[in-house]
Amino acid sequence: MMMKIDKKMSEAAWAILAENDRGGYTVPTAHLYPFQWNWDSAFVAIGFATYDIDRAYRELERLAEGQWDDGMIPHIIFHAPSDTYFPGPEVWGTRHRIPTSGITQPPVFGMALRQVHEAASAAGRPDAVERTRKLFQNALRSHRWWLRARDPEGTGLVSILHPWESGSDNSPAWDEALKRVPTSTKTTIRRKDTGHVDAAMRPRDEDYQRFIHLVDVYRECEWDPARQWEAAPFKIADVQMTGILARSTADLLILAQSLSSPEERGELERMHQVLTEGLARRWRQDLSRFVSRDLVSHRDVEAPTQACFIPLVALTLDDQQRRAIRSEIKRWLDGMVVGVPSTAPFSPAFEPKRYWRGPVWAVVNWLISDGLRMNGSEDLAREIEQGTVQAIERAGFCEYFDPTTGEGLGGGTFSWTAAAYLVLSQRS
Ligand code: DGY
């Protein structure tokens, strides 16, 4: 059955992306997130690719302006000042030519570049090859950074040094590790988020103290990756991050067939092999999920969160794993008005309204359904996509949704939710 594309909703999605445009880049939502965010923008570029290819390229090009000389693409690019967000550039104290944060976010960039390139080629755009080629080099440099800076021991899993890097800031997956991070800060905390959104949906003050403690530690390392790696009180080899990196690497490899040298193709193939092997080792049959590893406590992260399903976007599972994951996802969907919850409803940590502790994110569903489809679960992929589209049609382009009621929560006119709608509503 084809999903019905609602013209009014598509127009509303375009209007949100236009409203959140700040000159070639899109803020996630006004006030709450008033700058360019890394993975938000990459998803938004895929959304733009459904109707405005030039703008899709621009989104990635503006993100690439923030790339550091060492290859890292930061999580926030502060293209223009705003006083509605904390922590701003003065807290990060980085030295890039455009002010940026000092940490990164999931590298959806490579996935987005492939989608944008394919849309541009299908539309016969004469600038496609040249623009893609430049961005391909940005992506490749960023992947090299990931492996060098965040897997210096070559385990095949890349680590996050701050919960904000995961994009799923307040997930129960970080609870144990975050507890070890002191609440003391050298920076005075002036939260702005709770002035825009109900505090009951946001991280707690204590979480913010620990988040800022980590920023203080890394700023004192002068953002040097090797020093940060040594000093990090929070270090998690993350299956969500590695899954996205491995998938982006596969997408870059496809682009590399026509756009790159044999040496770079070989390099990407090696990266892909290392990452997929590392990821495959994180399967826990007893839990029917992939699990991250805490590199400080040397323990598996067993909290049941959406991250456990993200490796599907990068791996070909065997039949036993497919069956196990399918029934695990169905267990999480059971009794929910909309799925997939970001924390399993049977977990004691489940909070259906609080940031990353239960709510449903459209972009997460986009990744999970991609991964399910790649692994032969077309029906479940479609169920999740249709549920997402319907949730947006009912509640609007909110930041996220309460799985138990379908209520829209967080920021109101969210760019990546608009992008997800444009992409998922077009899927057959
Ligand atoms: C925030 O400030 O809540 C962001 O998610 C950090 O990236």
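Mentor: The expected span of a helix is 1.5 Å times one less than its number of residues. The model under discussion is a predicted one.

Trainee: How do you know that the reach of helix H10 is close to the expected one?

Mentor: Helix H10, residues 205-220, has 16 residues, for which 22 Å is expected. From its first C-alpha to its last, H10 reaches 23 Å, close to that value.

Trainee: Which residues of H10 are buried, and what do the buried residues of H10 pack against?

Mentor: Among the buried residues of H10 are Asp-207, Tyr-208, Arg-210, Phe-211 and Asp-216. The buried residues pack against helices H4 (89-92), H7 (163-166), H8, H9 (193-196) and H11 (225-231). Just after H10, Glu-222 has a positive phi of about 55°.

Trainee: Why is the contact between Arg-202 and Asp-193 called a salt bridge?

Mentor: The cut-off is 4 Å between a side-chain nitrogen of Lys or Arg and a carboxyl oxygen of Asp or Glu. For Arg-202 and Asp-193 the N to O distance is 2.7 Å, so the pair meets the definition.

Trainee: What makes Arg-202 and Asp-193 buried or exposed?

Mentor: Buried means under 20% relative accessible area. Arg-202 has 3% and therefore counts as buried; Asp-193, at 6%, is buried as well.

Trainee: How do you know that Arg-299 and Glu-176 form a salt bridge?

Mentor: Their side chains meet at 3.8 Å, N to O, and the limit is 4 Å, so this pair also qualifies.

Trainee: What does the salt bridge of Glu-328 and Arg-289 tie together?

Mentor: The side chains of Glu-328 and Arg-289 meet at 3.1 Å, N to O. Glu-328 lies in helix H14 (residues 319-333) and Arg-289 in strand S6 (residues 289-290), so the pair ties together parts 39 residues apart in sequence. Glu-328 is buried, its relative accessible area being 5%, and Arg-289 counts as buried at 5%.

Trainee: How many salt bridges does the rule give, and which residues are linked in a network?

Mentor: The count comes to 46 salt bridges. A network of salt bridges links residues including Arg-114, Glu-118, Arg-247, Asp-251 and Arg-427.

Technical notes. Residues are numbered from 1 along each chain as its sequence is written. This is a predicted model: local features need pLDDT of at least 70, side-chain atom pairs count only at pLDDT 80 or more; totals for chains, interfaces and linings use all residues. Side-chain values use heavy atoms; hydrogens and water are left out. Buried means under 20% relative accessible area, exposed over 50%, partly exposed in between (1.4 Å probe, protein chains only). Helices (H or I, at least four residues) and strands (E, at least two) are DSSP runs, numbered from the N terminus. Contact means heavy atoms within 4.5 Å.
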